Structure formats: C-alpha cells, structure tokens
Amino acid sequence: LRAQSDYPLVKELFRYYNYKEFINKEFLQTNRTKLENTLYHFSLNPTFPLPVITKSNHLIDSMKLQTESIISMFRKVPRGNFCDKEMAYEDRPCTIGFNQTISAPHIHAMTIETLKDKLVFQNSVLDVGSGSGFLLAMFGYMVGTDKKNGGTVVGIDIYPELVAKSIRSLKKENKDIFLFNRLQITHGDGWKGVPGKLFDVINIGANAPSVPHSLWQQLKPGGL
C-alpha cells in the first residue's frame, strides 16, 4: 500500500482510516480481508461505501468478544473519552490521573459478561470505586437510564477529582444517560454504599480484602 500511495484509491483509504493505522502490522493483519475486499470493490466503483474499521472495532476483534450486548456497549461508549487516546484501545490498564487507572478492556468485558443477566431494563446498579466512569456508561445503557421509565445507576468514588472528571468524560458523547437523572455519581465512602437503598447489581471496582457487610445489606435477594 505504501509503495502505491500515489494512487487515488490508496490515498483515499489513508485519509479514511488514518495513515498511522496502516503502519500498524497488527491492524493490517487483523483487517487484511476487509481491506482487500474494499480495494477490489472501490477500484470497480469509486462510490463504494468504505467499511468501518475503527480502533474500537479493532479492540473488539482482538478480544474475540462474542456476546452481542457487550460488543454493542464497546461500540457505544468510546473508551478514548475516559483515558489517554493513544492507549485507550490497547488491552491493558490506562492511567486516568490521581494515581488511579482504568481497568484493561478485557476486565470490563468480563464484568459485563458476569453481570449481564441482571443488567436489564429498569434494574438498579451500584458501582463502588466508579473511577473513570466508563463502566457507568455501559451499566446506564443496559438498565436504561437514558429512558424515562428506565433503571438507575449510582457511582461512588473516594476521589472528588475523579467524580468531576468522570462526569465530564461521560458528557462528551454519552450525556443521554443523564437525561432523566437516573444516573448519579457521588463522592464518598463506597464501603458504606447508599444506606436505605437496595440494588440488583453491586460492582466493586476498588481493591478490597472482603465485601463490607453494609454492601451485602444493600443487595436485593437474588442480586449479583
């Protein structure tokens, strides 16, 4: 491709997919068939629509995700809004400031896979140690905080700076999850949870030797 970069077709592909992607051997290997098909069809018809090969889709392919709901969430919530864009789509933790990190994508995928049976419309979720807010967005869409009669999600983090940063990150492209005030992020002691409330799902994103008794008390019977 680089040797033929003077050809209009290849130059168009460079423009559409970002030149940096074409010097990434892993990207080329993963998307070889799709790119070859695109070159063939585009050479026959310059109006042929270019397929979507984004960094998000590349991450999905590399993790070999199978569950459609999880794939949908990774496409709907741009990970690059929550951490360094250069590292966001690599399958490893990424710094988010304040000596904290966002978990590797496969950890988030495992979390959603484990909890998916309870992450359904109108259910309630508590996320302890909500950090970047990335999982909050996924939880929000799955239980329907973007719908008038949807579910609820509460995120708690001990770092006030992260609470503010996560809200800003979420509002970049996923602000609809706040539309009906069904998703809230607060600064506080996550081990105390939300006294007086019960949740279908409680996710603990912070390190803990054991689950605090107060959180067990806030989990609905049959909850996860």
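Ser 124 is found in strand E3, which covers residues 124–128. The model that places it there is a predicted one. Ser 124 has a relative accessible area of 8%, so it counts as buried, the limit for that class being under 20%. What does Ser 124 touch, once its neighbours within four places in sequence are left aside? Its contacts are Thr 152, Leu 198, Phe 199, Asp 200, Val 201 and Lys 220.

Strand E4, made of residues 152–157, runs parallel to strand E5, made of residues 183–187. The two are joined by five bridges. Within this pairing, Val 153 of the protein stands opposite Leu 183, a residue of E5. Helix H9, residues 160–173, belongs with these two strands: E4, H9 and E5 make a β-α-β unit, and the unit is right-handed.

Asp 157 also lies in strand E4. Is Asp 157 buried or exposed? With a relative accessible area of 6%, Asp 157 is buried, because a residue under 20% falls in that class. Leaving aside neighbours within four places in sequence, Asp 157 is in contact with Gly 129, Ser 130 and Gly 131, with Leu 162 and Val 163, and with Thr 186, His 187 and Gly 188. For one of these residues, Ser 130, a C-alpha to C-alpha distance to Asp 157 can be given: 5.6 Å in space, across 27 residues in sequence.

Phe 98 sits in the loop between strand E1 (94–97) and strand E2 (100–102). Its relative accessibility is 39%, so Phe 98 counts as partly exposed; that class lies between the 20% limit for buried and the 50% limit for exposed.

The remaining figures describe the protein as a whole. It has ten helices and six strands. Of its 224 residues, 44% are buried; Ser 124 and Asp 157 are buried residues. The protein exposes about 12,500 Å², and 53% of that area is supplied by carbon and sulfur atoms. Among contacts with a separation of 6 or more, 60% are between residues 24 or more positions apart.

Key:
Residues numbered from 1 in each chain as written. Predicted model: local features only at pLDDT ≥ 70, side-chain atom pairs only at ≥ 80, totals over all residues. Heavy atoms only, no water. Helix = DSSP H or I, 4+ residues; strand = E, 2+ residues; numbered from the N terminus. Buried < 20%, exposed > 50% of the residue type's maximum accessible area, 1.4 Å probe, protein only. Contact = heavy atoms within 4.5 Å. Areas by Shrake-Rupley, 256 points an atom, 1.4 Å probe, with all protein chains shown as cover. Pairing = 2+ DSSP bridges. Right-handed = clockwise from strand over helix to strand, strands pointing away.
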